[in-house]
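Got the structure open and wondering where to start looking? Here is a walk through it, one region at a time.

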Amino acid sequence: MSLPENFLWGGATAANQCEGAYNVDGRGLANVDICPAGKDRFKVMLGHGETLEPDTEHVYPAMEGIDFYHHYKEDIALLGEMGFKTFRLSIAWSRIFPNGDDAEPNEAGLQFYENVFKECHKYGIEPLVTITHFDCPIHLTKEYGGWKNRKLIEFYKKLVTVLFTRYKGLVKYWLTFNEINMILHLPFMGAGLVFKDGENEIQAKYLAAHHELVASAEATRIAHEIDPENKVGCMLAAGQTYPYSCAPEDVWKAMGKDRENYFFIDVQARGEYPAYAKKFFEREGIQLDITEEDEKLLKENTVDFVSFSYYSSRCASADASVDTTDGNVFATVKNPYLKASEWGWQIDPLGLRITMNALYDRYQKPLFIVENGLGAVDQPDENGYVEDDYRIEYLKAHILAMMDAVEIDGVEIMGYTSWGCIDLVSASTGEMKKRYGFIYVDKDDNGKGTLRRTKKKSFDWYKTVIETNGQCL
Ligand code: BGP
């Protein structure tokens with residue numbers, strides 16, 4: 001048997017992509033509520049949107065999601081039927097503190113997640129909770145400028161203290177920030193940043209990064225203090241960067257690209273700013289407000305495990321004229337040896353094994369794959385059934401690669417949660433067309449549909465995978 005007996009099989013979601021009910025039970029508005037679907041989405045996610053006010057004529061994707069808020073019992077029952085050991089979901093900050101800086105938390109929001117966690121436990125499912133997944137009350141952007149303001153550390157501390165206290169005994173696995181390196185790529189989503197014309201964006205991004213890193217260490221400290229059973233992880237949008245050729249310039253370029261991402265985990269897992277980052281800040285004239293207390297806090301409160309998403313490997317070349325492709329918003333050089341999804345994300349199962357080995361070598365902490373999957377257009381029949389062999393094929397190849405990393409290479413791993421186990425809104429497109437789930441949700445890009453949930457072919461397949469602890473793929 002290659003995987004540990006207590007291996008945490010499951011699936012992952014995020015509040016802003018599935019909950020909907022954006023104006024229910026006292027929830028405040030969040031950054032995600034003003035991100036439209038379609039062509040303007042990226043502009044807003046990059047921090048270049050024109051307004052922070054919600055559109056009164058249109059309902060944006062995060063506002064409705066798949067209405068998990070009202071369907072959670074039915075949805076968790078289906079996950080239970082698949083035999084999930086864990087379910088990754090995130091907290092919508094603005095359900096707990098509608099403005100982010102409120103004096104008291106919103107009881108209805110706290111009660112909602114308590115109900116969800118209790119429902120999970122009915123089926124023996126351990127919740128894995130992302131404290132913030134591309135989620136920030138819009139008031140914190142309007143009033144404080146988002147995470148570039150140090151005050152957000154205090155608001156976050158207040159949030160996590162409430163969460164760890166209220167959910168003690170119900171939740172023990174926590175992730176502080178989803179894909180923390182996304183601050184550099186989608187700063188409005190990752191850190192609630194909006195840029196003025198001519199603003200020094202790189203300065204704002206790394207300042208926000210420092211504040212999130214400190215907040216993450218604070219969360220780790222508080223989590224352990226409130227309940228020593230708590231396990232806290234960091235979360236990286238991972239994917240090893242290959243050099244396009246063996247030219248040393250390409251190898252060097254690839255190393256630099258990886259360091260942009262590793263930087264965050266170097267701080268969270270090793271407890272200090274790496275030398276290459278300090279030099280980079282110096283060169284770029286980036287000024288961070290790193291205090292002695294920050295340094296001590298970071299050093300003493302490293303994460304318990306390293307979690308990551310993996311969709312694709314990346315590739316880099318020193319030659320700027322080489323073709324690029326998309327890859328989960330990381331523009332990357334097109335690797336001629338790989339096929340790609342309909343959205344240009346290159347498919348590379350061995351890359352998962354390579355990434356796992358690189359992360360484990362570097363950090364020597366248990367890993368947790370908390371996102372992996374294939375975004376595809378599904379064609380349901382009249383009963384809502386989808387023959388998604390393409391999805392099974394993708395997941396099977398990645399699970400096999402993960403098992404090789406464990407069995408052959410000795411990498412330590414806690415679990416695997418495939419992304420979007422139930423269909424939900426895509427983060428990059430804001431659409432429903434790009435689906436990842438084992439469960440089909442009847443909703444289209446125009447907001448039409450019955451919201452009926454039906455099992456896809458992959459549902460039974462994944463049930464067997466879990467039942468046999470990965471032996472039967
Ligand atoms: C990751 C995000 C998720 C998720 C996933 C798939 O970056 O953490 O929120 O959406 O990517 O991306 P997409 O939905 O754009 O296909």
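The notes below cover the strands, the annotated residue, the ligand shell, a helix and a few loop positions.

## Before you dig in

Keep in mind that this is a predicted model.

## The parallel strands

Let's begin at strand S1 (residues 8-12), which pairs with S2 in the parallel sense over 3 bridges. Strand S2 itself (residues 86-90) has 5 of its 5 residues buried, so the rest of the structure largely encloses it. Both of its faces are covered, with Thr86, Arg88 and Ser90 buried on one side and Phe87 and Leu89 buried on the other. S2 also runs parallel to S3, and 5 bridges join the two; here Thr86 stands opposite Glu126.

Carry on from strand S3 (residues 126-132) and you get to S4, again parallel, through 4 bridges. Val129 has Trp174 in S4 as its bridge partner. Strand S4 (residues 173-177) is another one that is largely enclosed by the rest of the structure, because 5 of its 5 residues are buried. Next comes strand S5 (residues 231-238), parallel to S4 and joined to it by 3 bridges, with Leu175 opposite Gly233 in S5.

S14 is mostly covered, with 7 of its 7 residues buried.

S14 in turn pairs with S13, in the parallel sense, over 2 bridges. Look for Leu367 opposite Ile413 in S14.

## Glu371, the annotated residue

Which residue does the UniProt annotation "active site" cover? According to that record, an unreviewed entry, the residue is Glu371. In the model, Glu371 belongs to strand S13 (residues 367-371).

Is Glu371 buried or exposed? Glu371 has 25 other C-beta atoms within 10 Å, and 20 or more counts as buried, so Glu371 is buried. Setting aside residues up to four places away in sequence, Glu371 touches Ala12, Ser309, Thr417 and Trp419.

## Around the ligand

There are 15 residues around the ligand, and the ones that come nearest are Ala14, Gly375, Ser426, Ala427 and Ser428. What is the shell made of, by class? It has 4 nonpolar, 8 polar and 3 charged residues.

## Helix H15

Now for its buried residues: Arg391, Ile392, Tyr394, Leu395, His398, Ile399, Ala401, Met402, Ala405 and Val406. An α-helix has 3.6 residues a turn, so residues three or four places apart point the same way. What do the buried residues of H15 pack against? Their partners are strand S12 (346-347), helix H14 (349-363), S13, strand S14 (413-419) and helix H16 (457-467).

## Pro274, in a loop

Pro274 is found in the loop between helix H11 (248-270) and helix H12 (275-284). It counts as partly exposed because it has 14 C-beta neighbours inside 10 Å. Leaving aside neighbours within four places in sequence, Pro274 is in contact with Phe263 and Asp266. Asp197 is another matter: Pro274 and Asp197 are 77 residues apart in sequence and 31 Å apart in space, C-alpha to C-alpha.

## Two positive phi angles

Most residues other than glycine have a negative phi. With that in mind, have a look at Ala21, whose phi is positive, near 45°. Ala21 is in the loop between helix H1 (15-18) and helix H2 (41-45), and it is partly exposed, with 17 other C-beta atoms within 10 Å.

Asn469 is not a glycine either, yet its phi is positive at about 50°. Asn469 lies in the segment after H16 and counts as partly exposed, with 17 C-beta neighbours inside 10 Å.

Notes. Residues numbered from 1 in each chain as written. Predicted model: local features only at pLDDT ≥ 70, side-chain atom pairs only at ≥ 80, totals over all residues. Near = placed C-beta within 6 Å. Nonpolar A, V, L, I, M, F, W, Y, C, P; charged D, E, K, R; others polar. Buried ≥ 20, exposed ≤ 12 C-beta atoms within 10 Å, placed from the backbone. Pairing = 2+ DSSP bridges. UniProt positions renumbered as here; feature names shortened; annotations may be inferred. Contact = placed C-beta atoms within 7 Å.
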